[in-house]
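Reader: I would like to learn how to read the features of a model like this one. Please take them in turn, with the general idea before the case.

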Amino acid sequence: MGYHIVRYLQKEKEKRKLPFKYLFKRTLILLSPFKYSLILLLVLSIVGICLNLVIPYIIKLFVDAIVIGDINSLVNLAIIFIVVATVGLAVNYTRSYLVPLIGQKLMLNLRNSLYRHVLTIKLDYFSRIPTGKIVARIMNDVDSIGEILASGAIDVLSDFIFIAGAMFIMFSLSVELALIVTITVLIVVIIAYIWGERAREVYRKVRESVAEVTSKIEQDVSGALLLHTFIHRRADSVMEFQRLSKKTLTSSISAAKIVGSMGPLIRLIEALCYILILWYGSHLVGVEKITIGTLSAFYGYVGMLFRPLIMLTIFYGSFQSALASLERIFDLLDTEVEARRGDRRIKVRGSIVFEDVTFGYDPDNPVLKSLSFKINSGEVVAIVGPTGSGKTTIVNLILRLYEPQKGRILIDGIDLREIELRCLREQIGLIPQEPVLFSGTVMDNLRIAIPHMSIGEIKERLRKLGLEEFLLKLPQGYDTRVVEGGKNLSVGQRQIISIARALLTDPSILILDEALSSIDPISEFMIQEVLKRSLQNRTCIVIAHRLSTLRLADRILVVVDGRVVEEGPHEELIKKRGVYSRLYETHFALARAQ
Ligand SMILES: Nc1ncnc2c1ncn2[C@@H]1O[C@H](COP(=O)(O)OP(=O)(O)O)[C@@H](O)[C@H]1O
Ligand SMILES: [Mg+2]
């Protein structure tokens with residue numbers, strides 16, 4: 001019992017928003033694939049309870065038979081006892097096999113559907129909810145309900161039936177002794193409840209300090225590089241870590257003290273209850289109100305009563321926490337998935353129009369404000385502007401990663417929302433500001449873009465594009481392993497892989513978001529030659545700081561604070577002596593001076 005009680009105590013009682021009835025209904029749906037196993041489990045539990053309830057009664061009959069020396073009954077009772085005990089064993093074995101089986105399958109199902117769902121959720125969810133919380137929902141919350149839904153609910157039900165059954169039998173055997181037991185039971189429930197609350201409180205402290213230690217480790221491992229450069233910070237970090245670890249130790253010890261005190265206390269009350277029953281019971285036997293057998297039966301029932309009682313009291317709190325977990329899981333499952341509206345499949349030619357587009361990641365705080373511009377198909381347009389002015393946001397909207405709150409975006413004259421998402425994204429090649437690579441080889445990363453193409457064809461195409469030589473310069477060429485998002489490669493190397501991946505798909509619209517910012521000048525020059533060839537026959541949006549990249553553009557849009565403030569070819573904007581020429585003079589002239 002110790003293990004389960006500790007598990008239950010470690011869970012927090014939490015406040016819920018959704019009504020119990022709603023949670024119950026959805027839980028039933030969740031459990032529906034397991035209905036036959038659950039019914040079997042319930043039946044087994046009830047059979048198990050009945051067998052348990054019968055045993056002290058058989059002992060009563062046994063003792064009574066011994067007292068009057070009835071050998072025939074003794075033999076029969078012995079046979080019954082053996083049968084009951086054997087069936088009980090079989091039932092308990094099947095039960096203890098079924099519970100984890102159902103629990104684990106349930107958890108697997110839930111995790112799969114949560115994972116699948118998370119990959120399709122609308123992106124603004126991820127800017128609102130920290131990644132850690134989403135991971136916790138898929139891992140911890142699922143864990144916490146898997147166990148309780150599969151075993152907890154049925155355990156509670158069986159414990160309840162057991163206690164009610166035992167009390168019923170006891171009252172029918174002897175009202176006076178049953179009353180003594182009832183009073184003890186009430187005392188135990190009150191003590192277990194108070195104790196449980198205290199224990200939960202100390203476990204909360206343990207959890208908090210463990211969380212502190214974990215986040216400290218996470219932060220410092222991911223920031224290891226920086227810690228190495230700030231030597232003093234490192235020493236401080238070690239001290240801080242020791243302090244946090246010590247706090248965890250202290251709170252764990254006080255938790256152990258409290259949890260450890262419960263067992264002896266309950267055993268003391270149990271012993272008192274035995275003494276009372278033996279003392280008063282033997283008096284009742286003396287006045288021939290009950291038989292010695294009845295007294296033995298009471299002895300047996302009391303021994304079996306305490307465990308389920310304590311479990312029930314303690315379980316209440318963890319049941320609350322399981323409901324809260326359920327609520328969080330349903331909440332995640334209910335988050336809006338990416339807009340699926342739109343089913344037009346078109347061959348994109350590449351004109352892009354923003355009409356009065358207003359958008360903010362937080363709707364109350366717009367990043368783009370009534371933004372309008374037009375890009376013709378086949379045109380190369382550069383977007384320039386200060387950091388944070390909304391350039392990357394424009395790109396996010398073209399890919400329909402987010403939807404504008406006002407206004408509309410047209411591609412080839414068709415509202416973006418009418419075009420099938422997949423069709424749209426397949427025809428746009430994005431080279432993002434921060435290249436994203438997955439674990440695997442460089443070739444694996446290239447193939448993501450065009451899974452149907454053979455490795456030979458991919459190499460051939462990259463050779464024609466003039467990109468092969470850059471990729472072959474990587475330590476093992478195409479077979480170079482990429483570790484955890486590419487942290488074993490330089491940012492420039494990552495950008496080259498990212499460029500290759502985007503160009504491989506031969507997109508109708510190509511978007512470069514400061515894609516060349518970390519590449520050395522010589523490679524940059526060579527890649528620009530590659531790009532110049534690739535820009536033909538497609539619409540291209542280049543977000544860039546460097547003059548050399550801007551020169552590729554037919555036209556420049558200057559975006560400041562979510563609005564287009566100037567637009568036109570380079571020379572024209574320079575002559576205009578506005579924002580662009582100022583940007584050009586300071587920023588680009590500075591770059592040239594370097
Ligand atoms: N995912 C996001 N969630 C919330 N705010 C964001 C997000 N991405 C960008 N922003 C905010 O939007 C504004 C514009 O960002 P961005 O378009 O990335 O600028 P730029 O690319 O021009 O440097 C910034 O103020 C930034 O803080
Ligand atoms: Mg940006």
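Reader: At what angle do helix H16 and helix H17 pack?

Author: Axes here are lines fitted to C-alpha atoms, for helices over the stretch in contact, and angles run from 0 to 180 degrees between N-to-C directions. Helices (H or I, at least four residues) and strands (E, at least two) are DSSP runs, numbered from the N terminus. In this predicted model, H16 (residues 491-504) and H17 (residues 521-534) pack at about 15 degrees, and their axes are 12 Å apart.

Reader: Before going on, what are the ground rules for numbering and confidence?

Author: Residues are numbered from 1 along each chain as its sequence is written, and chains are lettered from A and ligands numbered from 1 in the order in which they are written. Because this is a predicted model, local features need pLDDT of at least 70 and side-chain atom pairs count only at pLDDT 80 or more, while totals for chains, interfaces and linings use all residues; side-chain values use heavy atoms, with hydrogens and water left out.

Reader: Are H16 and H17 then roughly parallel, or something else?

Author: Angles under 35 degrees count as roughly parallel, over 145 as roughly antiparallel, 65 to 115 as roughly perpendicular and the rest as oblique. H16 and H17 are therefore roughly parallel to each other. As for handedness, a crossing is left-handed if the near helix is turned anticlockwise from the far one by less than a right angle, and right-handed if clockwise. H16 passes H17 in a left-handed crossing.

Reader: Which residues of H16 and H17 meet?

Author: Contact means heavy atoms within 4.5 Å. On the H16 side the residues are Ile 496, Ile 499 and Leu 503, and they meet Ile 527, Val 530, Leu 531 and Ser 534 of H17. For classes, Ala, Val, Leu, Ile, Met, Phe, Trp, Tyr, Cys and Pro count as nonpolar, Asp, Glu, Lys and Arg as charged, and the others, Gly among them, as polar. The contact of H16 with H17 has 6 nonpolar, 1 polar and no charged residues.

Reader: How do the axes of H14 and H16 cross?

Author: Helix H14 (residues 455-465) and H16 have axes that come within 11 Å and cross at roughly 105 degrees. That makes H14 roughly perpendicular to H16. Ile 458, Arg 461, Leu 462 and Leu 465 of H14 meet Ala 500, Leu 503 and Leu 504 of H16. This contact divides into 6 nonpolar, no polar and 1 charged.

Reader: At what angle do H7 and H9 pack?

Author: Helix H7 (residues 175-222) and helix H9 (residues 231-286) pack at about 170 degrees, with axes 9 Å apart. H7 is therefore roughly antiparallel to H9. Their contact has 29 nonpolar, 10 polar and 8 charged residues.

Reader: Which residues coordinate the magnesium ion?

Author: Donors are N, O and S atoms within 2.8 Å of the metal (3.2 Å for Na, K and Ca); water is not among the atoms, so sites may look incomplete. The magnesium ion (ligand 2) is coordinated by Thr 392 (OG1) and Gln 433 (OE1), at 1.9 to 2.3 Å. Thr 392 lies in helix H11 (residues 391-398) and Gln 433 in the loop between strand S6 (428-431) and strand S7 (440-441), so the pair ties together parts 41 residues apart in sequence.

Reader: How is exposure classed for such residues?

Author: Buried means under 20% relative accessible area, exposed over 50%, partly exposed in between (1.4 Å probe, protein chains only). Thr 392 is partly exposed, with a relative accessible area of 31%, and Gln 433 is partly exposed at 33%.

Reader: Which phi value does Asp 412 have?

Author: Asp 412 has a positive phi of about 50 degrees although it is not a glycine. Asp 412 sits in the loop between strand S4 (406-411) and strand S5 (414-415), and is partly exposed at 21% relative accessible area. Asn 537 also has a positive phi, near 65 degrees. Asn 537 belongs to the loop between H17 and strand S10 (539-543) and is exposed, with a relative accessible area of 81%.

Reader: Is Ala 322 buried or exposed?

Author: Ala 322, in helix H10 (residues 292-334), is buried, with a relative accessible area of 5%. Not counting residues up to four places away in sequence, Ala 322 touches Ser 144, Ile 145 and Ile 148.
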